[in-house]
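Visitor: I'd like to learn how to read a structure like this one, feature by feature. Could you walk me through it?

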Amino acid sequence: MSTVTVEDLADVVAPRRFWTRERKTGAVFVALGVLAAALFGALAPAETARFTLSEDASGAALKINGQFGAILFGIATVGAGAALLAGVARRWTSWLLGLGILAFVLSFLCWQVAGKFMPLVDTAEGSLELALPLILGALAGVLCERSGVVNVAIEGQFLMGAFGAALVGTMAASVWVGLISAVIGGVIIALLLAVLAMRYLVDQVVLGIVLNLLALGLTGFLYERLMQPQAATYNEPPRMPTWRIPGLADIPVVGPVLFDTNPLVYLALILVVVISFGLARTRWGLRTRAVGEHPTAADTVGIRVKGTRYLNVLLGGVVAGAGGAFFTLVSTGSFNKNMTSGAGFIALAALIFGRWTPVGAFFAALFFGFANKLATYLSAIGSPVPSQFLNMLPYLATLVAVAGLVGRVRAPAADGKPFIKG
Amino acid sequence: MSTPDKEPAVGPADKTAAGPEGVAVDPAVATTDGPDRGTERDDSFLQNFLHNLWAANTVTVTVLSMVLALVIGAVLIILSDPDVLATYSYITARPSDAFSASWTLVSEAYANLFKGAIVDPAAVTGWLAGENGWQAVFAPLSETLTYAAPLVFTGLAVALAFRGGLFNIGAQGQAIIGTLTAAVAGFVFPLPVGVHLIVALLAGALGGALWGFIPGLLKARTGAHEVITTIMLNYTAGLFLGWVILQPGVHDPGRSDAISKPVDSSAQLPALLGGGLRVNLGIVLAVVVTVGVAWLLNRSAFGFELRAVGANPDAARTAGISVTRTYVLLMVMAGGLSGLGGATQVLGTAHTLTSQVAGNIGFDGLLVALLGRTRPWGVFLAALLFGALRAGGNRMQSFSGISLELVTVVQALIVIFIAAPALVKAMFRLRAARAARLQTSVSKGW
């Protein structure tokens with residue numbers, strides 16, 4: 001944050017207050033848990049909620065009485081909150097946070113699913129599929145922003161990637177050529193971002209927004225001029241095949257979700273591990289973090305600040321472009337105007353909610369993907385909970401996180417500040 | 001183009017006019033003041049004018065940015081036309097074919113852009129000959145002003161916050177909430193003509209102000225960066241609107257799709273000219289509000305405080321200005337302006353709520369604010385230009401078959417060039433302008 005805030009000042013004056021961040025979170029959790037146990041418990045019918053371990057209603061299932069489950073998991077949330085309130089050791093905090101959120105979600109699910117069934121494999125598959133572009137987009141954001149370049153243009157990179165994949169994929173009749181051109185599409189926007197931000201010192205947030213509009217206009221224009229009139233020649237890319245990993249794919253629930261799926265999922269999972277390891281343990285990672293936190297110091301010890309940033313922004317373009325390929329090669333099978341409809345901004349939210357770390361961004365993206373999937377599921381079973389509110393969840397969660405109500409997020413210190421040598 | 005054809009070289013009179021605004025973004029118009037004046041004292045006005053014409057001052061850079069954007073747009077038009085592209089396959093044998101085909105295509109498209117935005121000569125001769133009414137002559141201008149009105153409000157919302165050092169990406173969300181509250185007030189309250197319109201407009205402003213208050217408060221109390229919070233609130237507002245439209249009492253019972261009841265005629269912005277022309281009271285309101293914002297920014301105590309905070313929050317705090325209070329107030333005002341923009345949109349042209357009722361006016365407002373260099377009248381002119389591009393784009397789409405999206409591309413390109421004056425300067429080998437500070441951006445990250 002670029003400004004000194006009231007709270008920062010207060011922190012200096014009184015470093016040990018009773019109401020620490022953990023205690024506030026704990027209080028919030030206790031309130032949420034009580035709400036869940038009372039409200040969800042009261043509303044839930046006393047019927048069995050079935051969570052089937054398959055893609056439909058058949059097969060083995062986890063069963064629980066809806067009302068009992070809603071109350072039980074509500075109390076579990078209260079328990080997690082109480083533990084945080086009582087003041088436990090720091091290393092337990094994130095576990096308790098996760099436990100509290102999980103129990104709250106389960107309490108909610110027990111209420112909704114009571115008397116019905118929820119296919120777990122289908123839910124997990126759907127969540128992962130919806131999360132996939134978010135994971136790749138957020139990882140692209142991690143690469144850019146850890147080196148100190150704000151990337152609001154993820155949406156534009158998605159669009160260019162999706163468009164490139166559809167156009168060239170159709171013309172070459174090859175998924176892999178399509179994927180490569182998606183990457184090139186993402187890199188084009190990344191290159192514009194890098195050059196204009198670093199060479200011409202354009203404000204990076206402005207630039208991101210404008211590049212999004214540019215990508216929106218460009219792809220929309222070419223879509224209407226080329227793709228709409230001649231869909232067969234320009235807009236029918238082959239779909240990405242699913243790769244089944246023998247052996248692992250036979251594991252119940254996890255197998256079909258993780259090991260019998262499209263190659264982009266494997267790519268995303270590998271990238272999470274590689275980028276996470278790379279940032280923490282390699283020379284490149286150290287330099288990236290140095291450049292993102294304190295470019296002047298990095299420059300003093302001989303690290304090429306701009307070179308590192310260029311590299312990372314372009315790598316980000318590669319990853320985000322691949323994420324864009326998801327929309328045309330995996331999801332729908334053809335390009336449409338503004339088809340990403342804000343996914344780039346949810347990826348940005350995942351990046352921030354995940355505290356600018358690859359693993360955090362990964363879990364945040366999964367969580368947002370799950371919220372989206374849940375919204376579809378709930379409207380399918382005719383739930384009274386409006387899907388729009390569940391779709392708001394990523395944005396509201398990020399808002400709460402940024403405001404410091406739960407936990408603390410901090411951007412890399414030099415994020416968005418151009419480096420001017422000398 | 002409806003840009004100011006003001007000469008870049010100006011005398012002392014213009015200097016005093018631009019004087020009080022020089023805190024955050026300097027009027028980069030080169031003046032004949034300054035330390036190096038002595039050497040050029042003897043230059044004639046014409047020499048001075050020519051000297052400054054090719055310098056990187058605001059007006060030259062703005063005009064060149066537009067030219068560049070239109071040239072790139074022309075290239076896109078040619079590249080996306082298979083017939084014309086085919087003539088390029090034998091360009092070495094017969095280059096005239098390729099050039100004439102390209103010229104015909106592009107000139108026809110841009111002629112339609114002009115005819116749709118400013119005036120269609122055919123309509124004028126038709127009017128003089130008595131073949132068509134006066135409406136056809138003013139129809140393009142009417143469309144331009146109709147599209148420009150909401151952009152003036154959202155542009156001012158972004159510009160005002162910008163001058164106070166806040167980056168209001170949330171104009172879109174604030175405008176969406178503005179459309180929502182204005183429309184609901186427009187069909188729920190049974191009020192007499194006149195009062196109803198005022199109530200609906202106020203409701204729109206209040207809704208937007210509330211949506212601006214949230215990031216303002218979060219910024220002041222917790223330091224949460226307004227760029228992040230406003231981006232998140234944009235999408236929250238869109239989803240919220242989508243939900244409200246479907247609620248009983250709001251949803252049009254006669255329709256199966258997601259559309260609200262129409263706004264009562266007593267709450268609609270009345271048409272200015274009649275005769276089927278769409279231009280409405282919104283553009284008059286826009287002028288009034290621009291005057292108000294210009295006064296607030298340059299003449300009022302709060303305007304001074306906000307410019308001080310925008311220039312240097314630490315210094316402002318030391319001087320006894322409450323930075324947190326300024327942030328909150330500023331975001332409330334910006335939100336109110338955006339909300340008015342949304343209200344103008346729904347009470348002036350759309351009349352019903354749909355999920356896309358606010359269109360892109362918030363993000364366009366951001367571009368307009370940058371193009372207008374965050375100065376009130378600059379924003380007004382920039383909004384007129386964007387309105388003209390949009391109105392002309394409609395005609396270009398229906399007459400030349402060039403997608404309206406080209407206008408989005410051109411608008412984005414203009415702003416990219418505006419925001420990177422060094423790029424334009426290098427491309428055209430412009431002279432460095434004297435006393436010019438061509439920085440539209442604040443570059444402070446999050």
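Visitor: Let's start with A:Trp356: is A:Trp356 buried or exposed?

Guide: Count the C-beta atoms around a residue; 20 or more others within 10 Å is the cut-off for buried. A:Trp356 has 21 C-beta neighbours inside 10 Å, so it counts as buried. Keep in mind that this is a predicted model.

Visitor: Where along chain A is A:Trp356 found?

Guide: Look in the loop that links helix H15 (343-353) to helix H16 (358-380) of chain A. Check its backbone too: phi of A:Trp356 is near 60 degrees, a positive value in a residue other than glycine.

Visitor: And what about phi of B:Arg429?

Guide: That one is near 50 degrees, again a positive value in a residue other than glycine. B:Arg429 sits in the segment after H18 of chain B. With 8 other C-beta atoms within 10 Å, B:Arg429 is exposed.

Visitor: Let's zoom out. How do I judge the overall form of chain A?

Guide: Set its radius of gyration against what a globule of that length would give. For 422 residues, a compact globule would come out near 22 Å, and chain A has 23 Å, which agrees. Its C-alpha trace spans about 65 × 60 × 40 Å along the principal axes. As for what builds it, chain A holds 17 helices and five strands.

Visitor: How much of chain A is buried?

Guide: Buried residues account for 54% of the 422. Contacts are worth a look as well: of those in chain A between residues at least 6 apart in sequence, 76% join residues at least 24 apart.

Visitor: Which residues of H9(B) and H10(B) meet?

Guide: From H9(B) you have B:Trp211, B:Ile214, B:Pro215, B:Leu218 and B:Lys219, facing B:Glu226, B:Thr229, B:Thr230, B:Leu233 and B:Ala237 of H10(B). Sorted by class, this contact of H9(B) with H10(B) has six nonpolar, two polar and two charged residues.

Visitor: At what angle do helix H15 (residues 361-371) and helix H17 (residues 405-419) of chain B cross?

Guide: Roughly 40 degrees, with their axes coming within 10 Å. H15(B) and H17(B) are therefore oblique to each other, and H15(B) passes H17(B) in a left-handed crossing. H15(B) brings B:Leu367, B:Leu370 and B:Leu371, while H17(B) brings B:Gln411, B:Ile414, B:Val415, B:Ile418 and B:Ala419. By class, that gives seven nonpolar, one polar and no charged residues.

Visitor: Last one: how do the two chains meet?

Guide: Start by counting residues on each side: 46 of chain B are in contact with 52 of chain A. Then ask which elements supply them. On the chain B side, H9, H10, H15, H17 and H18 of chain B each give two or more residues. H10(B) has the largest share, 11 residues. Finish with class: the side of chain B that touches chain A has 30 nonpolar, 13 polar and three charged residues.

Definitions and conventions: Residues numbered from 1 in each chain as written. Chains lettered and ligands numbered in written order. Predicted model: local features only at pLDDT ≥ 70, side-chain atom pairs only at ≥ 80, totals over all residues. Helix = DSSP H or I, 4+ residues; strand = E, 2+ residues; numbered from the N terminus. Rg over C-alpha atoms; globule rule 2.2 N^0.38 Å. Buried ≥ 20, exposed ≤ 12 C-beta atoms within 10 Å, placed from the backbone. Contact = placed C-beta atoms within 7 Å. Axes fitted to C-alpha atoms, helices over the stretch in contact; angles between N-to-C directions. Parallel < 35°, antiparallel > 145°, perpendicular 65-115°, else oblique. Left-handed = near helix turned anticlockwise from the far one by under 90°. Nonpolar A, V, L, I, M, F, W, Y, C, P; charged D, E, K, R; others polar.
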